[in-house]
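Hi everyone, thanks for having me. Today I'd like to walk you through one structure, so please have a look at it while I talk.

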Amino acid sequence: MTNDTLMWRIAGGSGDGIDSTSQNFAKALMRAGLDVFTHRHYPSRIRGGHTYVEVRASDEPVQSRGDGFNFLLALGDSFARNEQDGAYYGNEELKPLTENLDDLNEGGIIVYDTGQIDEEAVAETGLEERAEANDWHVYPMNLRELAREHGRDVMRNTAGVGATAALLDMDPTHFENLIREAMSGEVMEANIEILEAAYDRVAEFDESHDLRVPEGSHDSEQAMMTGSNAIAYGALDAGCRFISGYPMTPWTDVFTIMSQNLPEFGGISEQVEDEIAAAALALGASHAGVKAMSGSSGGGFALMSEPLGLAEMTETPVVLVEAMRAGPSTGLPTKPEQSDLEHVLYTSQGDSNRVVFAPANVREAYEQTRLAFEIAYDYQLPAIVLYDQKIQGEVRNVSVDFFDRDPDPSIGKTLTEDEIREAAHHKSGKFQRFGHDPEDGVNPRTIPGQKDGRFLATGNESEPTGHISEDPDNRTAQASRRLGKLDTIRDNLDGRDESNQTAHGPAAAEYGILAWGSQQDTVFEAVDRLNDAGHSVKALGVSDLMPYPEQEVTEFLESVDECLVVEMNATGQFRGLTQKELGRFGEMLSSLLKFDGEPFEPGEIVEGFEASIDGDQPTAQNVKYQPAAGD
């Protein structure tokens with residue numbers, strides 16, 4: 001830790017309240033005037049299994065997790081499996097302490113709960129020797145006993161926060177206020193007593209250190225939220241009033257938040273039997289004239305392939321969200337990866353006719369979800385918001401006034417009954433729902449129940465009035481019109497005042513780094529460090545994946561000598577997409593890849609870039625460099 005950054009990690013077992021405690025800790029720091037960022041790591045178990053959350057806080061904007069951390073609060077695992085000699089999973093009770101030590105920075109602090117973690121077992125790990133070698137400051141405290149003295153065992157998290165506040169010389173008032181807001185009665189009083197008792201207990205230690213929390217202030221009111229919150233709020237503000245889905249980590253958060261809030265807006269949420277039904281139900285709602293969405297994670301999204309193709313053929317607008325996790329199959333259910341890109345771009349039947357956005361952070365998640373609804377309903381096609389567990393779970397503070405936007409209830413080119421009577425009709429007298437030659441490829445639609453409307457929609461190729469047709473000329477005209485919408489959408493996006501792509505670093509830099517989705521802000525921090533170290537580097541974060549932002553990426557690549565593509569997958573999928581769209585740049589694109597279930601740290605990108613200049617492999621564990629084609 002330095003004087004301007006705190007990196008605090010709380011570790012325990014799933015079910016030990018690690019997530020809620022970390023969010024309250026981050027909220028207290030935000031209210032103290034700091035910018036906050038959290039990173040969450042958890043197993044695919046409801047109870048037990050090592051889980052941790054990092055909270056990074058600074059008086060400057062925080063865009064990424066840090067390199068390692070400086071303060072460990074290890075609570076132990078209350079739900080650990082019974083330890084036996086030779087047990088496959090080892091001593092799970094001890095893991096919240098031992099499995100975090102490799103990432104603890106020199107000079108860091110360790111507080112561990114001796115009421116849960118056996119001190120004799122700790123002695124056998126060699127912690128004392130490692131602490132001396134790394135100048136760690138170790139504070140064994142019986143947090144469980146302290147909590148029991150004033151309340152109940154489960155309140156030991158509050159004791160840990162109290163100890164943290166004392167060790168970092170923090171004012172505990174913000175924590176006390178949060179307790180008063182969330183609790184009442186005896187439970188509230190007990191937690192406040194435990195917080196204060198733990199704060200005072202720290203004075204009994206002779207150990208001293210120099211770590212402190214920075215001081216800061218905010219110019220405007222702040223709110224704390226995850227990417228899941230931002231996607232849900234963006235959908236609500238875009239006028240979405242129907243969602244259907246089936247729970248699957250990590251998409252479940254969006255589904256849950258929408259389900260909790262839709263009734264207040266007169267909307268409907270439906271949990272169905274599987275993802276095929278979920279996507280099909282959303283299509284039906286949209287066909288009936290409601291802004292609708294559905295979503296899933298990789299395995300569930302695979303089941304949506306057939307409804308997705310139906311939406312493309314029938315030109316039914318709908319928004320789907322896909323929360324990536326490490327695959328194939330179930331893979332790592334609770335870990336982030338960016339390996340569903342090709343799956344989302346190309347799944348379904350025939351030539352894809354969809355829009356895909358990959359937001360990089362909370363702000364982009366909100367804005368690009370709104371944009372997905374706008375594009376889907378203006379151009380009558382499916383739009384997909386592609387994100388991952390990193391964005392889903394990380395918490396950031398955002399200015400409340402960022403959300404001062406007008407809602408958008410419009411549903412695109414939809415005719416009124418008066419307009420239907422004046423619309424183009426076939427010689428048979430039937431409304432031409434799928435006419436061959438509208439100016440922008442988009443025919444106005446009608447809503448079931450409107451007099452003289454045309455509601456026929458089939459998964460087969462159809463002629464202009466909607467009847468099935470196998471005529472070659474009609475097929476060519478209809479497929480070309482549908483695919484041509486992507487060119488029109490690209491022109492629309494390119495013509496806007498603000499781009500979805502984000503540039504960072506000196507314009508005249510010699511080297512470039514390309515990133516997409518959740519890795520963007522980590523790359524930006526790495527770029528700043530590289531330039532401070534004397535390199536000449538800039539970066540471009542890309543969110544428009546289909547239609548691809550050819551003009552912006554071309555200008556970026558033409559301005560640099562070489563470019564490193566950073567992504568969380570094993571096969572360089574975004575690099576492959578870029579080479580597909582901009583083949584002439586293939587020989588200047590190399591890859592920095594990570595696919596171990598953990599997102600990049602800024603330092604890993606710095607070290608990976610410096611190694612790539614010489615064509616070497618980085619020394620960071622599980623980070624791989626792939627040279628450009630032909631090297």
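Predicted model: local features only at pLDDT ≥ 70, side-chain atom pairs only at ≥ 80, totals over all residues.

Residues are numbered from 1 along each chain as its sequence is written, and side-chain values use heavy atoms, with hydrogens and water left out.

When I say helix or strand, I mean a DSSP run, numbered from the N terminus: helices are H or I with at least four residues, and strands are E with at least two.

Let's start with the helix pairs. Two packed helices are described by the angle between their axes and the distance between the axes. The axes are lines fitted to C-alpha atoms, for helices over the stretch in contact, and the angles run from 0 to 180 degrees between N-to-C directions. An angle under 35 degrees counts as roughly parallel, over 145 as roughly antiparallel, 65 to 115 as roughly perpendicular, and the rest as oblique.

Please find helix H9, residues 227-237, and helix H15, residues 362-379: their axes come within 8 Å and cross at roughly 30°. That makes H9 roughly parallel to H15. The crossing of these two, H9 and H15, is right-handed. For handedness, picture the near helix turned from the far one: anticlockwise by less than a right angle is left-handed, and clockwise is right-handed.

Which residues of H9 and H15 meet? From H9 we have Gly227, Ala230, Ile231, Tyr233, Gly234, Ala235 and Asp237, and from H15 we have Val362, Ala365, Tyr366, Thr369, Arg370 and Phe373. Contact here means heavy atoms within 4.5 Å. By class, the contact of H9 with H15 has eight nonpolar, three polar and two charged residues. In this scheme Ala, Val, Leu, Ile, Met, Phe, Trp, Tyr, Cys and Pro count as nonpolar, Asp, Glu, Lys and Arg as charged, and the others, Gly among them, as polar.

H15 also packs with H18, at an angle of about 135° and with the axes 12 Å apart. H15 and H18 are therefore oblique to each other. Here Leu371, Ile375 and Tyr379 in H15 meet Lys485, Thr488, Ile489, Asn492 and Leu493 in H18. Those residues of the contact of H15 with H18 divide into five nonpolar, two polar and one charged.

Our last pair is helix H7, residues 173-182, with helix H8, residues 185-201: the axes come within 9 Å and cross at roughly 165°. That makes H7 roughly antiparallel to H8.

How many of the residues of helix H13 are buried? Eight of its 10 residues are, and H13, residues 305-314, is mostly covered. Buried means under 20% relative accessible area, exposed means over 50%, and partly exposed is in between, with a 1.4 Å probe and protein chains only. The cover over the buried residues of H13 includes helix H11, helix H12, strand E11, strand E13 and helix H18.

Glu315 is in the loop between H13 and E11 and, at 1% relative accessibility, counts as buried. Asp169 has a positive phi too, near 60°, and its place is in the loop between helix H6 and H7. Is Asp169 buried or exposed? Asp169 is exposed, with a relative accessible area of 55%.

Why point these out? Most residues other than glycine have a negative phi, and most peptide bonds are trans.

Finally, the cysteines. A disulfide is a covalent bond between the sulfur atoms of two cysteines. How many disulfides are counted here? The rule asks for a pair of cysteine sulfur atoms within 2.5 Å, and by this rule the count is zero. Cys240 counts as buried at 0% relative accessibility, and Cys563 counts as buried at 2%.
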